[in-house]
Amino acid sequence: MTRERLRRVVRTATAARSNARPLPFRRPAPSHAWLATLCGLAATQTHAAGGHHSVDDAAILDPGQCQIETWGGQRLVHLGPACRVGPVELGLNLEREHNADGRTVRAGPQIKWAFALTDTLSTGVLASASWQRSNAGNASLRLTDRSVVIPVTWQFDDAWRAHLNLGRDFHRAQPSTSHSGAALEWAALPALSLVAERFREGGRNAWRAGLRWTATPSVNVDLSHARDLRHDGPRGWTLGLTWAFAR
């Protein structure tokens with residue numbers, strides 16, 4: 001997301017706040033997409049400070065705008081269309097993962113609401129759910145994960161933004177786990193940004209560092225490397241593409 005778009009989002013979020021009621025939140029359906037991307041573990045949680053990053057930003061699409069996000073890494077491929085509808089952003093997460101046990105397909109909706117606190121500070125709430133089907137064991141489609149996250153974004157300089165996430169992942173057959181993280185973005189050049197984040201999902205801790213290239217005003221390309229904080233933990237590269245357009 002470019003700095004110009006963030007400023008537009010802050011303005012439109014402020015306008016929406018004056019005539020809209022708070023609606024249900026959203027969290028990208030896949031709450032552990034980073035795990036699947038790193039090592040093919042079962043999970044799904046997505047969307048973040050743009051693209052496949054795990055820490056989400058407190059911003060939504062402009063009114064009348066839609067986008068398609070897609071990314072892949074090792075055994076995981078993700079597709080995520082979304083559109084601005086009134087004061088919220090509605091999306092759908094679709095994922096396909098291959099591992100030693102076979103193929104797993106995940107799908108789920110997401111809803112996100114964001115608003116400005118000041119000219120440089122914004123927050124919101126996100127919620128999502130994920131259904132999963134695997135050709136190993138139970139092949140039926142069933143609800144596996146739900147997530148609720150509160151994102152905060154602070155643009156403390158024209159070239160710098162910070163993001164903070166606090167939330168919870170609720171699993172079907174396991175105890176709920178913390179969903180949190182912090183990220184820092186630096187616009188090194190008008191078309192190139194660097195992103196670093198430290199996050200906790202699915203009961204595990206990891207970091208990610210990458211770059212975002214704004215190929216055109218409506219197309220972003222992301223490349224990042226993520227690694228579990230354990231010495232012998234999983235690691236991996238992810239390549240993503242985001243296309244925004246007016247509907």
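This is a predicted model: local features need pLDDT of at least 70, side-chain atom pairs count only at pLDDT 80 or more; totals for chains, interfaces and linings use all residues.
User: Which secondary structure does the chain have?

Analyst: The chain has two helices and 12 strands, and along the sequence they follow the pattern α-α-β-β-β-β-β-β-β-β-β-β-β-β. Helices (H or I, at least four residues) and strands (E, at least two) are DSSP runs, numbered from the N terminus.

User: Why is His 78 called buried?

Analyst: Buried means under 20% relative accessible area, exposed means over 50%, and partly exposed is in between, with a 1.4 Å probe and protein chains only. His 78 has 1% relative accessibility, and therefore counts as buried. His 78 belongs to strand 2, residues 76-85.

User: What makes the pairing of His 78 with Asn 93 a polar contact?

Analyst: A polar contact is a pair of N or O atoms within 3.5 Å; within protein, one must be able to donate a hydrogen and the other to accept it, and residues adjacent in sequence count only if both atoms are side-chain atoms. The side chains of His 78 and Asn 93 are joined by such a contact at 3.5 Å.

User: Is Glu 69 buried or exposed, and which side chain does its own side chain contact?

Analyst: Glu 69, which lies in strand 1 (residues 65-73), has a relative accessible area of 4%, so Glu 69 is buried. The side chain of Glu 69 makes a polar contact of 3.2 Å with the side chain of Gln 67.

User: Which residues make up the largest nonpolar core?

Analyst: A nonpolar core is a set of buried Ala, Val, Leu, Ile, Met, Phe, Trp, Tyr and Cys residues joined through side-chain atoms within 4.5 Å. The largest one consists of six residues, namely Val 88, Ile 111, Trp 113, Phe 115, Val 125 and Ala 127. Strand 4 (102-116) and strand 5 (121-134) each supply at least two residues of this core, and strand 4 gives the most, with three residues.

User: Why is the pair of Trp 113 and Phe 115 called tilted?

Analyst: Rings of Phe, Tyr and Trp (its six-membered ring) pair if their centres lie within 6.5 Å, and planes under 30 degrees apart count as stacked, over 60 as edge-to-face and the rest as tilted. The ring centres of Trp 113 and Phe 115 are 5.0 Å apart and their planes stand at 40°, so the pair is tilted. Trp 113, at a relative accessible area of 14%, is buried, and Phe 115, at 17% relative accessibility, counts as buried.

User: How do you know that Trp 154 is partly exposed?

Analyst: Trp 154 has a relative accessible area of 44%, and so Trp 154 is partly exposed; Phe 156, at 36%, is partly exposed.

How values were computed: Residues are numbered from 1 along each chain as its sequence is written. Side-chain values use heavy atoms; hydrogens and water are left out.
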